[in-house]
Amino acid sequence: MSAARRFKKHFARKSLLRIYTDKIKNSGAIGLDRTRPAKLDGNLTDELELITHKVQQGKYRFTAYKEKLILKGATSHPRQISIPTARDRIVLRALCECLAEVYPLAKLSLPQGVIEDLKIALASGIYAEYAKIDLKNFYPSIPHSLIDAAVRKRIRKPELKQLITSAITTPTVPESKGRKDTPDSTIGVPQGLAVSNLLAEIALQDIDLAFKSRPEIWYKRYVDDILILTPTGQSEAVANELITELKNMGLQPHEFGPDSKSKFAPLTDPFSFLGYQVEGGHIIIRRESILRFESSIAKIFTAYRHKVATARSTKDMERARAYCEWKVNLRITGCFFGGKRRGWASYFSQITSTAQLRSVNHTIHNLTKRFSLDNKIKTKSLIKTFYELRRGRAGNHTYIPNLDDHSIDEKRSLLALWIGDDVKSLRDEQVERLFAVKVTKAVRELEEDIAQTS
């Protein structure tokens with residue numbers, strides 16, 4: 001099927017309605033127009049007609065994205081996240097689905113799959129050295145010319161090309177300022193859009209394929225982290241060649257040098273990749289990732305203490321305790337949600353030693369004692385979670401919750417942890433919407449444990 005036919009399919013009213021219902025309606029993100037996604041229900045037919053009409057005429061323009069800043073530490077600039085309006089999110093999701101069919105090889109791999117491939121490469125005995133290359137300020141630095149060149153190779157339809165251009169040139173602005181006189185963006189891919197990862201992968205697809213096809217090396221780029229394995233004496237030369245190519249493309253790789261994020265060394269030297277640590281023949285979890293996870297668990301217990309301090313009744317205290325237990329166990333096991341495995345344990349399921357998991361289990365046990373919750377809540381085990389994840393997908397076990405399969409009664413029961421007896425008065429459709437909002441937020445918090453894995 002041609003790109004033009006895929007464009008027509010994904011921007012048909014039926015497809016847009018499915019995207020709104022399944023992906024947008026129950027989410028809580030609000031763009032610059034301050035309209036909640038569910039509010040589109042009242043005028044949905046007109047909204048979808050407007051999208052279809054303007055997109056097919058090549059006249060659709062995105063509202064400026066709302067800026068959200070994510071702190072990365074005292075020594076780093078915050079990451080700028082772009083939040084589109086609800087209507088624009090429908091368009092961007094449709095564009096993402098369309099481009100994913102046009103560029104099937106550009107879909108970002110799961111990190112666990114990358115580490116599994118790395119384990120196989122290391123076990124082969126073929127490689128003796130590694131090189132790591134880090135790209136500075138990756139998404140904001142991608143030249144639009146790279147995306148334009150990649151798009152021209154497979155897409156001729158002007159309306160589709162216009163939509164891509166509009167998506168990447170629309171500026172991101174603080175809510176307090178609004179668009180005003182802010183000019184269009186001339187470089188970079190806005191982070192946080194449904195299509196962001198895919199456009200970045202499309203832009204670098206040619207260079208990735210060129211280095212992957214070399215039989216003498218193992219190559220993988222995951223967003224802004226690049227890892228190369230080579231035979232003896234080749235890592236520096238291959239890495240320098242790649243750095244030159246990346247610079248010629250307008251990207252900004254870190255040069256080799258003291259304290260640089262880019263380096264090359266024998267495989268006997270420990271190195272990290274995607275939050276994992278390769279050391280002494282084992283693939284384990286980086287210490288920083290463990291500390292971040294333990295800190296997130298401790299925050300749940302601290303929040304419980306505050307809830308107890310403000311509780312007005314025994315029932316409030318029981319609900320605070322039940323909520324703490326649910327939150328801690330969700331952090332430990334993760335969950336299945338949106339058809340995907342979520343959480344810290346799932347992300348690090350490729351480790352080759354469970355010693356670190358036993359240590360974290362011990363830390364969690366100590367926290368339950370410190371907050372006087374031993375014998376009052378029942379915490380799950382990271383070790384059991386690890387082996388449950390090895391068994392397969394959600395249908396094969398019950399230890400890891402599958403939030404996609406909850407009945408309406410189970411959703412009411414879970415919502416009671418947040419709103420108490422008020423849940424009894426909610427209609428089923430209200431339960432469905434509130435459940436989606438609350439659980440989506442909880443799952444997003446799970447992702448924060450693995451947000452800084454490089």
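**Thr354.** I started with Thr354, and setting aside neighbours within four places in sequence, I find this residue in contact with Ile383, Phe386 and Tyr387 (contact means heavy atoms within 4.5 Å). Thr354 sits in the loop between α13 (344-347) and α14 (355-370). I took helices as DSSP runs of H or I with at least four residues, strands as runs of E with at least two, both numbered from the N terminus. Thr354 counts as buried because its relative accessibility is 14%; buried means under 20% relative accessible area, exposed over 50%, and partly exposed in between, with a 1.4 Å probe and protein chains only.

**Ground rules.** I am reading a predicted model, in which local features need pLDDT of at least 70 and side-chain atom pairs count only at pLDDT 80 or more, while totals for chains, interfaces and linings use all residues. Residues are numbered from 1 along each chain as its sequence is written, and side-chain values use heavy atoms, with hydrogens and water left out.

**α11 with α14.** I moved on to α14 and its packing against α11. The two helices pack at an angle of about 20°, and their axes are 11 Å apart. Axes here are lines fitted to C-alpha atoms, for helices over the stretch in contact, and angles run from 0 to 180 degrees between N-to-C directions. α11 and α14 are therefore roughly parallel to each other; angles under 35 degrees count as roughly parallel, over 145 as roughly antiparallel, 65 to 115 as roughly perpendicular and the rest as oblique. Their crossing is right-handed, a term for the near helix being turned clockwise from the far one by less than a right angle, with anticlockwise giving left-handed. From α11 I noted Ile290, Phe293, Glu294, Ile297, Ala298, Phe301 and Arg305 in the contact, and from α14 Gln356, Val360, Thr363, Ile364, Leu367, Thr368 and Arg370. By class, this contact of α11 with α14 holds eight nonpolar, three polar and three charged residues. For the classes, Ala, Val, Leu, Ile, Met, Phe, Trp, Tyr, Cys and Pro count as nonpolar, Asp, Glu, Lys and Arg as charged, and the others, Gly among them, as polar.

**Ser296.** I stayed with α11 (residues 287-309), which contains Ser296. Ser296 counts as buried, since its relative accessibility is 8%. Not counting residues up to four places away in sequence, Ser296 touches Arg331 and Asp449. I also checked Ile283, 13 residues away along the chain: its C-alpha atom and that of Ser296 are separated by 23 Å.

**α7 with α8.** Next I looked at helix α7 (residues 144-154) and helix α8 (residues 158-169), which pack at an angle of about 165° with axes 11 Å apart. That makes α7 roughly antiparallel to α8. I find a right-handed crossing here too. His144, Ile147, Asp148 and Val151 of α7 meet Lys161, Ile164, Thr165, Ile168 and Thr169 of α8. By class, the contact of α7 with α8 has four nonpolar, three polar and two charged residues.

**α3 with α4.** For α3 and helix α4 (residues 86-102), I have an angle of about 50° and axes 11 Å apart. That makes α3 oblique to α4. α3 passes α4 in a right-handed crossing. Glu47, Leu48, Leu50, Ile51 and Val55 in α3 meet Arg87, Ile90 and Val91 in α4. By class, the contact of α3 with α4 has six nonpolar, no polar and two charged residues.

**Asp224.** I found Asp224 in the loop between β5 (218-222) and β6 (225-230). Asp224 is partly exposed, with a relative accessible area of 21%. Leaving aside neighbours within four places in sequence, Asp224 is in contact with Ile133, Asp134, Leu135 and Phe138. Phe138 is 86 residues from Asp224 along the chain, yet their C-alpha atoms are separated by 5.9 Å.

**Positive phi.** I then went through backbone angles. Arg34, in the loop between α2 (13-24) and α3 (44-56), has a positive phi near 60° although it is other than glycine. Arg34 is exposed, with a relative accessible area of 60%. Asn375, also not a glycine, has a positive phi of about 70°. Asn375 lies in the loop between α14 and α15 (382-390), and at 80% relative accessibility Asn375 counts as exposed. Gly125, which follows α5, has a positive phi near 75°.
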